[in-house]
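Open the model in your viewer and keep the sequence panel beside it. The stops below go from the whole chain to single residues.

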Amino acid sequence: MGYLNNQVITVDAILTNKGRELLAKNDGSFRITQFALADDEIDYTLYNPTHPSGSSFYGEAIQNMPLLEAFPIETQIMKYKLATLPRGTAKLPVLNLGYSAITLNQGASLAITPQTLNYLGNSQAFETSGYSATISDVRLMSTFTGVGINTTAAATSNAAVTSTTTLGTNVSVTVIGSQINLRATTVNTLFGSNTQLSATLTVVGLDSGARLTIPITINRTNV
């Protein structure tokens, strides 16, 4: 979703690739139940409390910035979603996955338990609603699941995506859980002449809005 003109209240709403997929099924699975806002294009360092024209102009540069038109590439848009944090929060929450990058051999498994730092007065904590995890190319995984969250219908619905095929089109998949389980593909044909395949894993705290993206590399070991 994007604002086309900052002089009038006009909203350009488009479907993501996942939304188009659900709409095409025509089985009732396409239902908009939530929405998010983001400020990717805003540079807050332009806020100028020393503007010579007074306080009404402190944010003038920000208000005149060009705004993004909506496009359905989840790795490039809405990377900085707006979140409501307790009044008096001094530090923004950040995620800790325990890894700055992940490298797996074919067929190898890994369980990731995200934690949120600087959250609700704690040095580190687990978020009640869990975490969403998006793999940019699900073909690289023979298993990609989220477990441990059963408190909301939305989490249960998303966590139901427990098994994925490693054949077909390069698509992203999102799961929700307090723990994210991955198992690398064993399919050789995906590699072609390559010895490695790459993707990204994006994890978002559903309560804090904290976000982290790390690279994933799968090494070919089966010949």
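The model is predicted, so local features need pLDDT of at least 70 and side-chain atom pairs count only at pLDDT 80 or more, while totals for chains, interfaces and linings use all residues. Residues are numbered from 1 along each chain as its sequence is written, and side-chain values use heavy atoms, with hydrogens and water left out.

The chain exposes about 13500 Å², with 53% supplied by carbon and sulfur atoms; accessible areas come from the Shrake-Rupley method with a 1.4 Å probe, and for residues only the protein chains shown count as cover. Of the 223 residues, 30% are buried (under 20% relative accessible area; exposed is over 50%, partly exposed in between; 1.4 Å probe, protein chains only).

Now display contacts (heavy atoms within 4.5 Å). Among those between residues at least 6 apart in sequence, 66% join residues at least 24 apart.

Select asparagine 26, in the loop between helix 1 (17–25) and helix 2 (60–63). Its phi is near 55°, a positive value in a residue other than glycine. Most residues other than glycine have a negative phi. Asparagine 26 is exposed, at 71% relative accessible area.

Finally, move to strand 6 (residues 115–119) and select asparagine 118. Here too a residue other than glycine has a positive phi, near 60°. Asparagine 118 is partly exposed, with a relative accessible area of 31%.

Conventions:
Helix = DSSP H or I, 4+ residues; strand = E, 2+ residues; numbered from the N terminus.
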